[in-house]
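Here's a quick briefing to read alongside the model. Have a look at the structure first, then go through the notes below.

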Number of protein chains: 2
Amino acid sequence: MREWTVYPALELPPILAVSLDQIVQHGYDATSVRKIASEVGVTVPALYYHFENKQAILMALLDHAMQIVTSHVDAALEEAGPDPVARLSGAVEAIVLYMAHHRDLAFLDSERRSLTPPHLERYVRHRDRIEGLLRDTITAGCRDGVFRTTNPTACGRAILAMCQGVAGWFQPSGPQTPEEAAADYVRIALAAVSVVEESA
Amino acid sequence: MREWTVYPALELPPILAVSLDQIVQHGYDATSVRKIASEVGVTVPALYYHFENKQAILMALLDHAMQIVTSHVDAALEEAGPDPVARLSGAVEAIVLYMAHHRDLAFLDSERRSLTPPHLERYVRHRDRIEGLLRDTITAGCRDGVFRTTNPTACGRAILAMCQGVAGWFQPSGPQTPEEAAADYVRIALAAVSVVEESA
DNA sequence: GTCTACTTAGCGAGCGCTAACTAGAATTCG
DNA sequence: CGAATTCTAGTTAGCGCTCGCTAAGTAGAC
């Protein structure tokens with residue numbers, strides 16, 4: 001139960017671990033294959049033995065990121081069952097925990113512009129799928145009368161954007177744990193769709 | 001009154017207009033000074049007559065962006081007066097209108113990583129100031145009992161992040177006008193701070 | 001004797017940036 | 001008032017460097 005709240009530390013092969021580090025620090029374009037190779041402790045052609053080109057490294061990292069976030073969100077939704085409040089809460093919790101635990105991977109989202117069209121399309125589909133899950137959940141909640149919003153699309157996008165923002169400010173050494181931040185954002189997301197709260 | 005809702009088209013000198021266009025399309029690092037010069041119709045050293053170096057071009061654009069958004073938010077807050085609901089509504093409205101009208105300038109935010117530390121610091125101060133305005137407004141609203149949230153800082157950050165997200169999806173040719181999107185986001189922001197709504 | 005995981009050496013292209021020069025407009029001064 | 005000077009907004013030519021990437025070779029494991 002709730003094993004989707006667990007985000008173990010990444011276990012990446014050295015080339016990808018170093019690349020992630022460098023790209024997060026300096027950006028994809030400003031990260032040279034020479035720098036990656038020297039940080040790994042090999043020569044440049046060794047990289048090209050494992051990856052077709054520089055972009056394939058970025059894509060491998062993005063694939064890894066997408067796999068982690070979608071698997072956790074899917075598990076959270078499955079465990080939530082049909083109740084829209086539980087579904088939205090679970091999805092937001094899973095997403096915020098991801099953003100707080102894997103800030104580096106989450107940051108890569110801003111490097112999607114460096115992808116060539118076919119790769120970009122694949123990546124965008126994953127993002128759109130998550131946005132769709134949120135929107136569908138909100139729409140279902142409105143149908144059930146438990147949510148009240150006139151614009152589920154805008155709401156879903158707003159919630160996803162605010163969750164992505166977590167990766168930009170969260171600090172493991174800061175005042176909040178990932179779980180506390182997730183709880184805050186679940187509250188905000190439910191308020192954003194005007195869930196009717198019980199009085200205490 | 002409400003002149004802060006008006007966002008006229010940009011009037012940038014040719015070098016900056018072209019640079020903005022290229023940076024938005026390909027990113028700062030992938031935009032060469034040669035490409036900018038040839039699109040403007042001059043030679044490379046002509047750029048260096050007007051700007052100290054490539055980064056100064058980016059900084060000029062970011063300065064312009066910050067000036068626009070802060071002036072509009074400040075004007076919105078001044079017109080709103082002391083009422084926290086009016087203040088939060090005005091600030092969110094001004095920010096979302098900015099994001100919808102100047103998506104290209106808003107996009108530059110993601111290029112701040114390319115700035116050297118002194119420039120970066122100046123830019124971050126501006127962003128922090130806006131985040132602070134939101135947080136202070138929310139805190140004041142909680143004190144007045146009109147907002148109910150346990151974490152004004154998280155709320156302010158969440159609201160700012162969701163507003164910034166607008167630049168990523170808004171389309172002038174889409175189903176919503178900037179004003180409609182702003183109205184949606186004002187509603188979501190007020191809900192996020194749990195403003196007590198009157199029954200109809 | 002083949003496959004894996006590299007190595008050395010280097011190609012061609014593009015990068016940010018600059019020294020030195022110039023046509024034409026604006027300004028200063030005898 | 002007209003000649004001399006300065007200023008503006010560029011130009012041509014090119015330096016030194018780094019970029020992504022590759023052909024060809026090799027040590028050790030299977």
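What rotation, and how much shift along its axis, superposes chain B on chain A? The answer is a rotation of 180° with 0.0 Å of shift, at an RMSD of 0.0 Å, where copies are superposed by least squares on the C-alpha atoms of residues with pLDDT of at least 70 in both. The two copies are thus related as by a two-fold rotation axis.

Keep in mind that this is a predicted model: local features need pLDDT of at least 70, side-chain atom pairs count only at pLDDT 80 or more, and totals for chains, interfaces and linings use all residues. Residues are numbered from 1 along each chain as its sequence is written, while chains are lettered from A and ligands numbered from 1 in the order in which they are written.

**How the copies meet**
- The copies meet through the same surface, because 100% of the interface residues of chain B are also interface residues in chain A.

**Around DNA strand C**
- Two or more residues each come from helix H3 (44–50) of chain A and from helices H2 (33–40) and H3 (44–50) of chain B (helices are DSSP runs of H or I, at least four residues, numbered from the N terminus).
- H3(A) gives the largest share of the surface near DNA strand C, with four residues.
- By class, that surface has nine nonpolar, three polar and three charged residues (Ala, Val, Leu, Ile, Met, Phe, Trp, Tyr, Cys and Pro count as nonpolar, Asp, Glu, Lys and Arg as charged, and the others, Gly among them, as polar).

**Around DNA strand D**
- H2 (33–40) and H3 of chain A and H3 of chain B each give two or more residues to the surface near DNA strand D.
- H3(B) gives the most, four residues.
- The surface near DNA strand D splits into nine nonpolar, three polar and two charged residues.

**H5 against H7 in chain A**
- The axes of H5(A) (residues 84–101) and H7(A) (residues 117–143) come within 9 Å and cross at roughly 155° (axes are lines fitted to C-alpha atoms over the stretch in contact, with angles from 0 to 180 degrees between N-to-C directions).
- H5(A) and H7(A) are therefore roughly antiparallel (over 145 degrees).
- Among the residues making the contact are A:Pro84 and A:Leu88 of H5(A) and A:Leu134 and A:Ile138 of H7(A) (C-beta atoms, placed from the backbone, within 7 Å).

Key
Angles under 35 degrees count as roughly parallel, over 145 as roughly antiparallel, 65 to 115 as roughly perpendicular and the rest as oblique. Two residues are in contact if their C-beta atoms, placed from the backbone, lie within 7 Å.
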